[in-house]
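Hi,

Here is the structure I promised to pass on. Have a look at it first, and then read my notes below.

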Amino acid sequence: MRYSHLLLDAVDIDNFTVTDSLLVALIGILVVFAVLSIIIFLLWAQSKIFQAIDNKKAKPSPAVVSPQPAKNSAPQENDDELVAAISACIYAMLEEDETVDSDAEFVIRKIEKIKRG
């Protein structure tokens, strides 16, 4: 069957050689990579534009104030025992939970009393 009526007159599909096939494949690959490169560039440019807009809208942040300890804090006598008790409770809960690795290590960074009311 002749499909030359579907193609340009300059292309004779019956006499298509391996070199012609490789050339068509190479052109197709180059077109795909060119379009992908254009898309990547457009996304990169868009991100830079949005970052510039966000930087213009951002207000200067106030000076960083270091946290100060509470003046009316409770006595610190039993803190070691309290931390040990809370750690033991958390460890016992983690051992019962099947979704958590029983050998997982954890660190308690801060313990705060919840103010109710």
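First, a definition: rings of Phe, Tyr and Trp (its six-membered ring) pair if their centres lie within 6.5 Å, and planes under 30 degrees apart count as stacked, over 60 as edge-to-face and the rest as tilted. By that rule, there is one aromatic pair in the structure. It is made by F41 and W44, whose ring centres are 6.0 Å apart with the planes at 35°, so the pair is tilted. F41 and W44 sit three residues apart in helix α1 (residues 18–57), which means about one helical turn separates them.

Some background: this is a predicted model, where local features need pLDDT of at least 70 and side-chain atom pairs count only at pLDDT 80 or more, while totals for chains, interfaces and linings use all residues. Residues are numbered from 1 along each chain as its sequence is written, and side-chain values use heavy atoms, with hydrogens and water left out.

As for the fold, the protein chain has two helices and zero strands (DSSP runs numbered from the N terminus: H or I of at least four residues for helices, E of at least two for strands).

How much of the chain is buried? Of its 117 residues, 0% count as buried (buried is under 20% relative accessible area, exposed over 50%, partly exposed in between, with a 1.4 Å probe and protein chains only). W44, from the ring pair, is partly exposed at 48% relative accessibility. D97 is partly exposed too, with a relative accessible area of 33%, and belongs to the segment after α2 (79–96).

Cheers
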